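These are my notes from a first look through this structure. I wrote them down in the order in which I looked things up.

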Amino acid sequence: MALTAKEAIQAARTHFLEILPEAEEVRLEEIERHGDDWAITFSVPSATFLGSGPFGFGRNAKVIVVDGMTGEFVALKQRAA
């Protein structure tokens, strides 16, 4: 049976935090169907990846793609700025 949007978000968030455990203030930005898969976009403060400093503000978006049937990890993509 196919995952619901809520189940896909939960699976994607789990994978996101396994890959990037240092991520703080994870915010859900977008959710899309890509064929049978789900593409879930999360954002984190840019300082999480750039270090703190005068230019380390803003948000950095990452897309986690999960299998629409199992919730297994498919891909991690950088969202274009």
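I began with the contacts of Phe-42 and, leaving aside residues up to four places away in sequence, found that Phe-42 touches Ile-9, Ala-12, Arg-13, Phe-16, Val-26, Arg-27, Leu-28, Glu-29, Asn-60, Ala-61, Lys-62 and Ile-64. I keep in mind that all of this is read from a predicted model.

Next I looked up the largest nonpolar core, which has 13 residues, and noted that Phe-16 and Phe-42 are the ones with the most contacts inside it. Helix H1 (5–19), strand S2 (37–45) and strand S3 (59–66) are the elements that give two or more residues to this core, and S2 supplies the largest share, with four residues. As background I wrote that nonpolar side chains tend to be buried together in soluble globular proteins.

I then turned to H1 and checked its length: at 1.5 Å a residue, its 15 residues should span 21 Å, and I found its end C-alpha atoms 21 Å apart, which agrees. Which residues of H1 are buried? I listed Ala-8, Ala-11, Ala-12, His-15 and Phe-16. Seen down the axis of H1, these buried residues fall within an arc of 135 degrees, so they line one face of the helix. On the face of H1 turned away from its buried side I found the exposed residues Lys-6 and Glu-18, while the buried residues of H1 pack against S2, S3 and strand S4 (73–78).

For the strands, I recorded an open sheet of four strands in the order S1-S2-S3-S4, with antiparallel pairing. Strand S1 (27–34) and S4 are its edge strands, each pairing on one side only, and neighbouring strands of the sheet are turned by 20 degrees against each other on average, direction ignored. H1 packs on this sheet and touches S1, S2, S3 and S4, and its direction makes about 50 degrees with that of S2.

I followed the pairing strand by strand. S1 and S2 run antiparallel and are joined by seven bridges, and there I noted Ala-39 in S2 as the bridge partner of Glu-32. The hairpin of S1 and S2 has two residues between the strands, and in it Gly-35 takes a positive phi near 65 degrees. S2 and S3 pair in the antiparallel sense over eight bridges; here I looked up Trp-38, whose bridge partner in S3 is Val-66, and Ser-43, which stands opposite Ala-61 in S3.

Is S2 largely enclosed or open to the outside? I found eight of its nine residues buried, so S2 is largely enclosed by the rest of the structure. As one example I took Thr-41, which is found in S2 and is buried, with a relative accessible area of 2%. Apart from neighbours within four places in sequence, Thr-41 is in contact with Arg-27, Leu-28, Glu-29, Glu-30, Ala-61, Lys-62, Val-63 and Arg-79.

My last entry concerns Glu-25, which lies in the loop between H1 and S1. Glu-25 has a positive phi of about 50 degrees although it is not a glycine, and Glu-25 is exposed, because its relative accessible area of 60% is over the 50% cut-off.

Conventions: Residues numbered from 1 in each chain as written. Predicted model: local features only at pLDDT ≥ 70, side-chain atom pairs only at ≥ 80, totals over all residues. Heavy atoms only, no water. Core = buried A, V, L, I, M, F, W, Y, C linked by side-chain atoms within 4.5 Å. Buried < 20%, exposed > 50% of the residue type's maximum accessible area, 1.4 Å probe, protein only. Contact = heavy atoms within 4.5 Å. Expected span 1.5 Å × (residues − 1). Arc of directions from axis to C-beta. Pairing = 2+ DSSP bridges. Axes fitted to C-alpha atoms, helices over the stretch in contact; angles between N-to-C directions.
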